Amino acid sequence: MDGNTSGVNGNNVDWDTEDELDEIENFTLSSSSANLGSGEGSSSPRPSNTKVFGHFVSMGFSQKMVAKAIQEHGEEDADSILESLLLYSALENSTPEQDSPPEQSSPPEQCFPPQQQQIDSDPFSSDYEGSFLDGFSDLDSSDNEEISIPTSEEEKKLVALVKMGYPELEASIAIERCGVNSSLVDLTDFISAAQFSRAEDAHFPLEEKPRRLHIDDKKKRKLCEYAMSKRKKKVGLGNGIIEEDDEALHLPNPMIGFGTPTHLCQIHRSIPEAATGAPYFYYENVALTPKGVWNTISRFLYDIQPEFVDSKYFCAAARKRGYVHNLPIENRFPLIPLPPQTIFDAFPMTRRWWPSWDERKQLNCLQTCIASAKLTERIRLALKDYDEDEIPPERVRRYVLYECRKWNLVWVGKNKVAPLEPDEVETLLGFPRNHTRGISRTDRYKSLGNSFQIDTVAYHLSVLKDRFPNGINLLSLFSGIGGAEIALHRLGIRMKNVVSVEISAVSRTVVRTWWEQTNQKGNLYHLADVQELNADRLEHYINTFGGFDLVVGGSPCNNLAGSNRHHRDGLEGKESSLFYDYFRILDLVKGLMARHS
C-alpha cells in the first residue's frame with residue numbers, strides 16, 4: 001500500500017502494513033513486549049480489570065485467552081466466554097496425555113519440547129493417522145461422516161505439530177513462515193525460537209501453561225474438527241488456490257502473480273466487460289487479510305481476480321501484496337538495471353561480519369518501525385562470550401535468528417546487529433537515495449513502510465509505455481510518497497497531469513520536492529482527502545485535460561494487518577473502509593469519461 005490517505009487526522013493514525021511482523025507477533029503471549037520501545041508497533045489491548053476477567057483468570061485460564069474471549073462475546077455472556085476458553089485451552093493442549101496432570105513450567109533454557117525423540121517415527125504413516133482418530137470411535141455414523149481426515153502435506157504437518165503439544169495457531173504460523181516443505185525439525189525450531197524470544201524479552205520464565213482440562217472424546221473430536229475446518233475451505237483466486245480461514249489467506253507458493261522477470265507464466269485472463277474501457281486502474285493492498293476481504297475487493301472492482309505477488313522476486317526483501325487491475329499482462333518488462341536480489345548484493349559491507357550460521361539471503365517485509373537499541377544490546381550480550389569463529393549454542397542461535405528475521409537486522413560488526421537505515425530501506429524499495437530525507441526519522445520509516453515496492457509496480461505498469469507514447473494523465477489516490485509516480489518516471493512514461501490525493505502533509509512535501517528535483521514538465525495537483533473528491537471536481541479535471549488514463553492507489557490497511565491486529569475489522573474498519581472511496585472515485589471517473597466520449 002502506497003500512502004495513507006483517510007478522512008481522519010493523519011498524525012493520529014498508525015499506518016502499519018507489516019504483514020510478516022503481524023504473523024510473528026501472534027506468538028507474543030505476554031504484555032511485556034511493550035518494552036521493545038515506543039516505535040515498535042502497537043501493543044495489544046490490556047484486559048479490563050473486572051470481576052468477570054478476574055473470575056476466569058482465577059479458574060486457571062491465561063490473561064490473553066480471557067481478554068480474547070471477553071472481546072469476542074462481551075462481559076455479559078459468561079456461558080459463551082467459558083465455551084470459548086474451553087475451546088482455546090483444548091486446542092493448545094489436545095495431546096495424547098489430555099487427562100494427565102499439569103506440567104510444571106521450565107526456565108527459558110529448558111523450554112523447548114523434545115524434538116528428535118518425538119519425530120523419529122514417520123508421523124504421516126497409516127499407524128499415526130489411525131491413532132489420531134482412535135478417540136473418535138464411539139461416535140455415531142452421522143458424526144463420522146463429518147470427520148476431517150488430513151490429506152494435504154500442510155494439514156498432516158499441522159496435525160503432527162498439534163499432536164506433539166504445540167498450539168494450533170503457532171503451528172499454523174510456523175508452516176506459513178517456513179514453508180510446507182520444511183521438516184518437522186525446522187518447524188519445531190521456529191516455534192521454540194519464538195517461545196524463547198518471548199521469555200528473553202520478558203526477563204522471567206515463561207508463564208505457566210493453562211491447566212489441562214478433561215474433555216470427552218466427542219467434545220475433543222468437535223474441537224479438532226473446528227481447528228481443521230478453518231483450513232479446509234478453498235476458493236480460487238488469482239493464479240492459484242487460496243485457502244480461507246478466520247485470520248488470513250494462505251497464498252499461492254510461489255507468489256508470482258501472472259509472472260515475474262525470472263518466473264514467466266503462460267496465463268490467459270479475460271477482463272469482465274464492466275472493467276473494460278478507459279481508464280486503466282491499479283489497486284494494491286496487503287495480501288494477508290481477514291477472511292473474505294479480497295473476495296469483497298474483487299467483487300467491487302468489477303469481479304477482477306487479484307494478482308498476488310511477493311516482491312522478493314524483484315528485490316532483496318519480501319513484500320506480499322495483492323493487486324487488482326485491468327492492465328494487459330503480455331509484454332511486461334522490468335526496470336533496468338535490475339535491483340540487488342540478495343542482502344550481500346544490496347549491502348556488501350555486511351558480508352565481513354555475517355556469521356556462517358545466519359543463512360538469510362533476503363530480508364522479510366520492511367516495516368514501519370524498527371528494533372530498539374535494548375534489543376540489539378541483548379543480542380550482543382547473548383553472543384559476547386563466543387569468539388568470531390565459534391558457533392554459539394543452538395538455543396542462542398535460535399533466539400538471535402528469530403529476532404534478526406523479525407526486525408530485519410543486519411550484521412554491522414563482531415556480534416553486532418543493527419536495523420536498516422532509512423536510505424537502505426529506500427534502496428530496497430526502489431526509491432531514489434535520500435528520497436525521504438528532510439523529514440523526521442520516524443516519518444521516514446513510516447512512509448517507506450507504507451509505500452509501493454517500485455520495481456514490482458513498474459513491472460506491472462510497463463505495458464503502458466507503448467500505449468501512451470505522448471504521456472499519461474494520472475489520478476493517484478492514497479499516493480503517499482509517490483510510488484506510482486516514481487515507477488512511471490523510471491519507466492520513461494511522461495506524466496502530463498497528475499492529481500495526487502494524500503492526507504499527510506509530510507508525504508505531500510516529499511512528492512512535491514521529488515517533482516521539482518526531477519524537473520517534471522507536467523502539472524501536479526495536490527488534494528488532501530479522498531472523501532472530498534466528488535463528481536463535480538472530477539468533471540472539472542476531465543474537462544480541463546481530457547480525462548484520466550490511469551487511476552492508481554492502495555487504501556490504508558490498518559484494519560487488515562500489521563500491529564493493529566487486535567481490531568482487524570476488515571473493510572468495515574475506520575481506515576480500511578476507505579477502499580470504498582477508491583471504488584467510488586474509480587466508478588465516477590469511468591462513468592464521466594464514458595459520457596464525455
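Between which helix and which strand does the loop that holds Asn519 lie? In this predicted model, for which local features require a pLDDT of at least 70, side-chain atom pairs count only at pLDDT 80 or more, and totals for chains, interfaces and linings use all residues, Asn519 is placed in the loop between helix H20 (505–517) and strand S10 (523–527). Residues are numbered from 1 along each chain as its sequence is written, and side-chain values rest on heavy atoms, with hydrogens and water left out. Helices (H or I, at least four residues) and strands (E, at least two) are DSSP runs numbered from the N terminus.

Although Asn519 is not a glycine, its phi is positive, at about 55°. With a relative accessibility of 54%, Asn519 counts as exposed, where exposed denotes over 50% relative accessible area, buried under 20%, and partly exposed the range in between (1.4 Å probe, protein chains only). A positive phi of about 55° is also found at Phe478, which is likewise not a glycine; this residue lies in the loop between strand S8 (472–477) and helix H19 (483–491). Phe478 is buried, its relative accessible area being 0%.

Two cis peptide bonds may be described together. One joins Asn253 and Pro254, with omega at about 5°, and Pro254 is located in the loop between strand S2 (240–243) and strand S3 (280–286). The other runs from Ala278 to Pro279, with omega near -5°, and Pro279 is also placed in the loop between S2 and S3.

Helix H18 (residues 454–461) is mostly covered, eight of its eight residues being buried. These buried residues are Ile454, Asp455, Thr456, Val457, Ala458, Tyr459, His460 and Leu461. They pack (contact meaning heavy atoms within 4.5 Å) against S3, strand S4 (307–310), strand S5 (320–325), helix H16 (422–429), H19 and strand S11 (550–553).

On the surface, Asp387, Glu388, Asp389 and Glu390 gather in a patch of negative charge. Such patches comprise residues with over 30% relative accessible area and no salt bridge, like charges being joined within 9 Å and nonpolar side chains (Val, Leu, Ile, Met, Phe, Trp, Tyr) within 5 Å; a salt bridge is a side-chain nitrogen of Lys or Arg within 4 Å of a carboxyl oxygen of Asp or Glu. Within this patch, Glu390 lies in the loop between helix H14 (373–383) and helix H15 (394–407), and Glu390 is partly exposed, with a relative accessible area of 37%.

How values were computed:
Accessible areas come from the Shrake-Rupley method with a 1.4 Å probe; for residues, only the protein chains shown count as cover. Lys and Arg count as positive and Asp and Glu as negative; His and the chain ends are not counted. The place of a charge is taken as NZ of Lys, CZ of Arg, CG of Asp or CD of Glu.
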